[in-house]
Amino acid sequence: MNSRNHYLQAKVIIPFFMQIALIIYVVSALQLSSPLVDGMLSESSFPVIIFLVATPAALKLLFDGLKDVKKEIAEGKEVVVKKKSIKPVLTVVIMAVFIALFELLGFSILAPLYIFFFMMVYDDKPQFIVKKIIFALLIAVVVYVMYAIAFDIRFPEIWR
Amino acid sequence: MKGKRVIVLLACVLLASTALFANGAPEVYPSKDIEFIVSSGAGGGTDAISRKISQLAEKELGSAIYFVNKPGADDAVGPNLLMGAKNDGYTIGNLNYGSIINAPFTGLIKGYDLAKVQIFALITQEPDALMVGKNSPYKTFDALIAAAKANPGKIKVADQGIGSRVNLLALKIQDLYGVKFNMISYQGSAPQREAILNGEVDAAITSLGDFAPLLNSGDAIGVIEFSSVRNGGYPTVPTSKELGLDESLLSGSFLTLAAPAGTPADIIEKLVKAFGSAATSKEFADWTKTVGVTPDFKSGAELKAFVDGKISGETKALQALKDAGVL
Amino acid sequence: MDQILQILSGTAVVFQPLSLLYLSIGFFIGIIFGALPGLTSMLAIVLLLPMTYTMPMTYALIMCMGVYMSGIYSGSITAITINIPGAPSALMTCMEGHPMMKKGLGAKAIGHATIGSAIGGTIGALLLIFISPLAVSLALKIRTPGKFSLILFALIVIVIVEKNRTKAVISMAFGIMLSTIGMDPLKSVSRFTFGNPNLIEGIDLTTLIIGAFAISELFDQSTVNNAEYNKMTNAANSMKFKRSDFFPSFKEMREIGWMTYIKSSSIGYIIGVLPGAGASMAAFVSYVEAKRTSKHPEMFGNGAVDGLVAAETANNAMCGGALVPMLSLGIPGDGTTAIILGVLMVYGVVPGPDLLVKQMHVMAPMYMALLISAAVLMPLSLFLFGPYYLKIVKINRLVLYSSIALIAILGVFAATYSTFQMAVALIIGVVMYFFKKQKYPNVPFILAVILGPLCEQYMRTSLTLSNGNPMVFITNFDSLFFLLLTVAFSILLPRANRRAEALSKCREVK
C-alpha cells in the first residue's frame, strides 16, 4: 500500500504550492517595507491583503484535498492511475526548445521545424510526412508575411 | 525515412544560404537596417518623438530604422539592453530623464552603468509645469504658495509617484518655500488630467504637452512652466525664470540618443549629422509644437556639459532628499 | 448634437474600403474561432493583440469589434450542428438548436439564431451609442475612492458568479500575484523580482493572456484523438441545405413574438453592463425568462425556437453593454472586453470619461463597426456562407493548431522582444493547464491580471487623498454606492444562482 501516491494528486498539490507561493510572496513584500508607514499604505500593503484573502481559500482547498485522500486511504481505494498521454509533455518540450534556440537560430530555420514537430505530436501517429513538411513551410511563410511584412516586426535570424 | 532525408536537405539549403548572406562584408555604414531601442512603451511621448526624429533622419542615413519598445523600471530597461548591444552602429536607443538620473541613483538594475553608452545627441527638452483646474482659486504661483503656507498639508498636488521627476520637483518647492503639500501619486499623466477635471486635486505637475487637450479646451490653466524660455505651443504660461524663481527649480524631461560605448567615431559622426539635421529641420519644429515639446539639438562638448550638469544637480537633490528621509 | 456629428463621421470612417476590409477580416476570423470548439473569440483577439501594435488604432478596434460580435454569435453554429457549443455563450443554444437539427430543421435553427443575434447585436449597439453619454456624465462624478469600490465590486462579483468560489479566489490571487511583479506603480521600487533583472520590466499583459489562454489550450487539445474528431465533424458535412432554407419568415418571427426580441436584448444589454457576468450569463437569464413566459414551456429542451432565439439575442446584445463600463470606467464587462481594454492600453488610450468626451472620434468608428457587424454582416454572412457553416469544422485540425502554436508564441515576442517573456508564457501555460484540469476558472484570473494593479493604485491614492483615513470609502457617495451594490449582489446573486440551478435540475428530471 503506497500512500504517498495518494498525497501526490493535483487536488492536494495545487493548493499546497499555492500556499507556498503566497508565503514567499508576502515575505518578499514585507522585506521591502512594513505595510503601514506613518499610517499610510506602502508598496507591501496590497500584497499583504492578497495574502490574507487567498490564504483561507488555499488552506480550505488543501484540507478538502487531504480529507478526500484520507477517505480514499481508509476505504482502501487505490489511486486510479489513468493512462496519461505523453502528448502535453511533448508539446511543452517542443515549445521550450523553440524558445531556447529562437535567438540563436532565428525564425527561418526554427519555425518550419517547430510546426512540423508540432503536427507530428498532434497527429495520432507519424504519417503523411511529406504533406506535413509542405504545410510546415507554407504556414511559416504565411506567418512570416503576416508579422514581418504586414506588421514590421523583426525576428531574430541566424544572419543578423 | 523519406521525411528525414528531406529535413536534412532543407537544413543544408538553409545553412548554405545563411553562409552566403554572412559573407557579403559591409563597406559603407549604414549598409543594413538600424535597430532603435525605445525606453518606453508604444504610444507614449518618448516613443512618438523617437519615431518622428528617426523617420526624418532615415532619409539622410539612407537606411531604414526599426523600433523595439522596451518599457519599464524608470526607463532603464531599454538603455540596459543598449549597454549590452553590439557597438557596430546598428543598434541605437534613447535615454531620457529616468534613464540618466533615476536609474543610476536607485540602482534597480545590476550592472547598469552610463559609461557603457555613448550619448551622442540631445533632441528635445520638455519642461515641467504646474496646472490647475479652470475654477481654481490659485491662478498664480504666489497664490498657491500662500495657500499652502496657510493650510499645511491641505493643498493636494498630483504627481507621478514617489521618486519620480515631478515628485522631486514638488519636494524641491516644499523645501525652498517651507510649505507642505499633500502629494497624491498617479500613474502617468492621464489620471492626473482626470483628477484635475473632477476636482480631486488642487494642482498637477507634469509637462504642458501632457495637458494639451485640457489646456486647449480651457478646462485647465497653466500656472507656471519651470523653464527659462516660454513654450512655443503655450506662450501665455509664464516661466519660472520670469517670475524670479530659484534656478534649482528648472526641471523637465529630455530625450537624448545614444549608442553602445566603443561605437566607431566615424559612425557616431554620421549619426550626429543625420539626426542633427533632422532635429533642426522645420518639419520637426512644426511637429514638436503640436505635442508641446521644445526641440533643442546639442552634441559634442555642449551635450556633455548639459548631461553632466543634469546628473550632478539632480543627483545632489535626490541625495539630499534621501538623507532627509523624504524618499 | 456634437455627439451625433461625431458618430456620423465615425460612420464615414468605417465605410472606407480599408476599414470595411479590416472589419470583414475580423468578422470572418471571429466566425471561425467562435465556431470551433476550444477556440473562442477571446483567443482570436489575444492573437491579434500583438499584431495590432503597428496598425493604426482605429483599424485595430474596428477589427476587434468584428471578432467580438461574430465570435459570440458563431458559437451557435457548432452548437446546433454537432451539439458542441463553439463558445461557452452558446450553451443554451445547444439545448434547443441541436434537437431542431435532429428533426431536420438545422437550417431553420441557424437562420433563427443568426437573425436573433443580428437583432440583439443591433439593439445592444444602439443602446451603447445613445445611452453611453449618460454613462459618461455619471462616470465623471466617480473619483478615485469610487473607482476603487467599483473595482472591488467587479472582483467580488466575478468570484460570486463562479461555481466554485474558493477556486475562483485562488485563480484571482494567482493573477494578481503575477501582475504585481516588477516596478511598483506609484514608487520607484521593484517588487518580487528576486534579483532577476528580466523580471524588472514585469510580466507583460500579452505574455499572461497568451500563456493562460492560448498555450494552455494547446496542451489540452494535444490529447484529442484526431481520427475521432474527424469522424465527429464529418457528420456535420454530410448534410445539404438550400440558401433560402436559412432565412426565417416574418410569420415565424411574429410567432416568437417581438416582445421576446426586445426583452432578451434588454436583458443582454443590462447583464453586459454589469462587470464580470458575460455572455453565458446573459444567454442563461434570457433563456430562463423566455421559458417562464412562454406559451409552451413544455417544448423547452426539445427544440423550442423561442428559447433558442432568446438565448442568441441576449448574448449578442451583451456586446454593446459590456463595452459601456470598459470604455467609461475601465472595467471590462466580460473576458473579451478585458482584452480589448488591453488593446486600448497598447495604444496608450486610458479609458475613462476623458476618453468618451475628448476622444469621441476614436470611439465613434468602433461603435459603428459594432453596429454594422450585427446589422449588416451577420445577415450577409448567413446568405453567403450559410450552407458552408455546416462545414466550418472541417478545417484540418493539425494545420489549425500548429498555426496557433506559432502565432501565439511569436505574439509574445512581437509584444515584448524578449525570449524570457516567451519562456514565462510557456510556464504560465503549463500552470494554467493544471489549473484548468482541476476546474479552477480562468476568467477571474484574467480580470485579476487587468484589474488587480488598478485596484492597488486606487486604494493607495484614495488613502493619500484622505491622509490615511479609510472612512473616505464611505463618506464619498459614489464609493458608498458601489460598496452597497457589492453587498446587495453578494446576497442576491447566490440566491438567483440557486434558483437557476433548481430550474435546470427540474428540466433534467423531466
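In which helix of chain C is Ser280(C) found? In this predicted model, Ser280(C) lies in helix α13 of chain C, residues 278-293 (helices are DSSP runs of H or I with at least four residues, strands runs of E with at least two, numbered from the N terminus). Ser280(C) counts as partly exposed because its relative accessibility is 37% (buried is under 20%, exposed over 50%, partly exposed in between, with a 1.4 Å probe and protein chains only). Between Ser280(C) and Gly268(C), 12 residues apart in sequence, the C-alpha to C-alpha distance is 9.8 Å.

At the interface of chain B and chain C, 35 residues of chain B are in contact with 30 residues of chain C (heavy atoms within 4.5 Å). The buried area is about 2700 Å², with 53% from carbon and sulfur atoms (accessible area, 1.4 Å probe, lost by two parts on being put together, summed over both).

The rule finds one salt bridge across this interface (a side-chain nitrogen of Lys or Arg within 4 Å of a carboxyl oxygen of Asp or Glu). Lys70(B) and Glu201(C) form a salt bridge through their side chains, at 3.8 Å from N to O. On the side of chain B that touches chain C, at least two residues each come from β2 (65-69), β6 (182-185), α7 (189-197) and α8 (212-217).

Residues are numbered from 1 along each chain as its sequence is written, and chains are lettered from A and ligands numbered from 1 in the order in which they are written. Local features need pLDDT of at least 70 and side-chain atom pairs count only at pLDDT 80 or more, while totals for chains, interfaces and linings use all residues; side-chain values use heavy atoms, leaving out hydrogens and water.
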